[in-house]
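Subject: Structure for you to look at

Hello,

Here is the structure I promised to pass on. Please open it and keep it in view while you read my notes.

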Amino acid sequence: MMKSLYALTLFFIVGLTAKAQDSLLTKEAAIDLVLENNLSIKVARNNRMVGSNNASILNSGYLPTVTANGGGSIDKQNTEGKLANGDTRTADGVETRRYNAAVNVNYTLFDGLGRYYNYKTFKERSQQSELQVRQTIENTILQLFSVYYEVARLTENTHNLEQAMAISKDRLKRAKYQFEFGQNTGLDVLNAEVDINTDSINLLNSRQLLRNTMRDLNLILNRDLTAKFEADTTVNFVPGLQMESMFNEAKMNNVRMQIVEKDINISNYNIKIAKSGFLPTIGLTGTYGWNESNNNSPLAFLLQNTSTGLTGSVNLSWNLFDGGRTITSAKNAKINYENQELLKKQIEQEVERDIRNAWDSYKNALYVLEVQEKNLQTNQDNFNRTDERYKLGRVTSIEFRQAQLNLLNAELAKSQAKYNAKLAELQMLQVSGQLLNVDF
């Protein structure tokens with residue numbers, strides 16, 4: 001009997017443990033889900049596929065064009081003809097049938113290198129679309145962890161409020177016992193009841209906010225909004241970060257700077273594309289054709305005529321003057337290139353500002369976390385001493401409640417500081433272009 005009871009108890013404990021593990025949404029699992037399901041990332045990946053298709057040889061203009069055409073016609077006519085000897089002949093309802101088919105091949109040998117630089121432009125845009133996918137992933141992951149860590153923070157807050165609620169209930173029970181034995185007045189009982197009501201409201205609001213934030217996270221993960229889970233409340237910081245190295249990484253790996261670099265390359269190619277309009281175009285044309293004609297007229301010299309043949313030609317086209325459109329396009333392309341250079345300088349300054357601001361915020365957040373951890377330890381010690389003295393009747397319920405609130409506020413502040421520091425670190429890693437290269 002005891003063995004069966006032990007086995008049943010063990011099975012129940014293991015089942016609860018497995019259930020808790022199944023409901024835990026780890027950071028790694030959250031990243032996998034967002035990369036697989038997030039709609040913004042899916043749109044960015046589709047745009048990348050469009051860019052890849054545009055950069056293929058099939059869209060380059062380097063391949064020839066092949067067209068086929070064919071046709072047929074039938075006509076009936078009444079004809080009359082006079083021969084050389086003066087005789088006249090007539091034919092009524094003469095039917096003539098004509099058929100034709102041809103295959104045409106056109107190939108551009110030279111178009112002023114416009115085709116070449118167009119192909120280069122498509123390649124740059126394809127690489128730029130890859131960077132845009134990365135930018136979307138970085139922004140989405142930062143958004144993911146902003147919400148994920150908020151769920152973790154609210155989870156810790158809810159747990160701390162539950163502990164505060166338990167302390168307040170124990171205090172009320174103790175106050176009622178003391179009142180029954182005449183050791184205090186009914187005012188202590190009323191104060192304890194008021195504090196329980198306050199703690200109940202705070203706990204209720206925290207649980208509601210936690211549920212709302214969990215739905216926000218499910219929305220980012222593009223899954224059932226009512227899915228239940230637990231967030232991992234452990235936070236690990238990336239060791240050995242240095243301001244100078246982060247700044248150098250930002251110059252090379254920041255996605256905004258890489259995207260604007262592609263824009264500059266594209267603008268440079270656009271100048272060359274515009275200038276290609278000043279040069280001639282040389283093309284080849286080839287045709288293989290078949291024609292057949294049937295005529296049942298007695299006046300016709302040939303009743304049937306069939307011909308097949310291959311023709312080829314080289315053509316040159318040179319637009320000597322197009323009203324100034326090519327000149328205008330070349331000038332505007334140069335201006336756009338200058339604008340991209342200016343935009344690059346602006347982004348470089350913004351990235352430098354962002355990395356310095358992010359670094360200062362990160363270091364400040366780490367300092368605040370360190371202070372809040374010490375503050376929490378101090379308030380924990382103070383509460384423990386106050387709790388012992390309260391049990392001995394050496395402090396009032398008001399003093400005990402104040403020590404309890406001080407501890408609760410210290411716990412909430414430390415939790416807030418921990419996640420603020422982690423988010424500041426992630427923002428700095430994003431600006432430096434290292435967000436996707438670290439463990440979360």
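How many residues does helix α7 have, and how far does helix α7 reach from its first C-alpha to its last? Helix α7 has 21 residues, 255-275, and reaches 31 Å. At 1.5 Å a residue, 30 Å is expected, so the value is close. Keep in mind that this is a predicted model.

**Around α7**

A side-chain oxygen of N254 comes to within 3.0 Å of the backbone nitrogen of R256, at the start of α7.

**Salt bridges**

The count of salt bridges comes to 19. Here are some of them.

- E261 pairs with K344, with the closest N and O atoms 2.8 Å apart. E261 is in helix α7 and K344 is in helix α8, so this pair ties together parts that are 83 residues apart in sequence. E261 is partly exposed, at 30% relative accessible area. K344 is also partly exposed, at 21%.
- R134 pairs with E138, and their closest N and O atoms are 3.0 Å apart. Both lie in helix α4, four residues apart, which is about one turn of the helix. Residues three or four places apart point the same way because an α-helix has 3.6 residues a turn. R134 is buried, with 18% relative accessible area. E138 is buried too, at 2%.
- R353 and D354 meet through their side chains at 2.9 Å, N to O. R353 counts as partly exposed, at 46% relative accessibility. D354 is partly exposed at 22%. Salt bridges with shared partners also join R171, D195, D199 and R401 into one network.

**Helix α4**

Helix α4 has 67 residues and reaches 97 Å from its first C-alpha to its last. That is close to the 99 Å expected at 1.5 Å a residue. G182 follows α4, and its phi is positive, near 75°.

**Strands and surface**

Which residues form a nonpolar patch on the surface? They are V66, V103, V105, Y288 and L310, with about 480 Å² of accessible area together. V105 sits in strand β3, residues 88-110. V105 is partly exposed, at 33%.

S317 is in strand β6, residues 304-317. S317 is partly exposed, with a relative accessible area of 46%. Beyond its neighbours within four places in sequence, S317 is in contact with P280 and T281. S317 and L412 are 95 residues apart in sequence and 77 Å apart in space, C-alpha to C-alpha.

Best wishes

How values were computed: Residues are numbered from 1 along each chain as its sequence is written. This is a predicted model: local features need pLDDT of at least 70, side-chain atom pairs count only at pLDDT 80 or more; totals for chains, interfaces and linings use all residues. Side-chain values use heavy atoms; hydrogens and water are left out. Helices (H or I, at least four residues) and strands (E, at least two) are DSSP runs, numbered from the N terminus. A polar contact is a pair of N or O atoms within 3.5 Å; within protein, one must be able to donate a hydrogen and the other to accept it, and residues adjacent in sequence count only if both atoms are side-chain atoms. Buried means under 20% relative accessible area, exposed over 50%, partly exposed in between (1.4 Å probe, protein chains only). Contact means heavy atoms within 4.5 Å. Patches are made of residues with over 30% relative accessible area and no salt bridge: like charges are joined within 9 Å, nonpolar side chains (Val, Leu, Ile, Met, Phe, Trp, Tyr) within 5 Å. Accessible areas come from the Shrake-Rupley method with a 1.4 Å probe; for residues, only the protein chains shown count as cover. A salt bridge is a side-chain nitrogen of Lys or Arg within 4 Å of a carboxyl oxygen of Asp or Glu.
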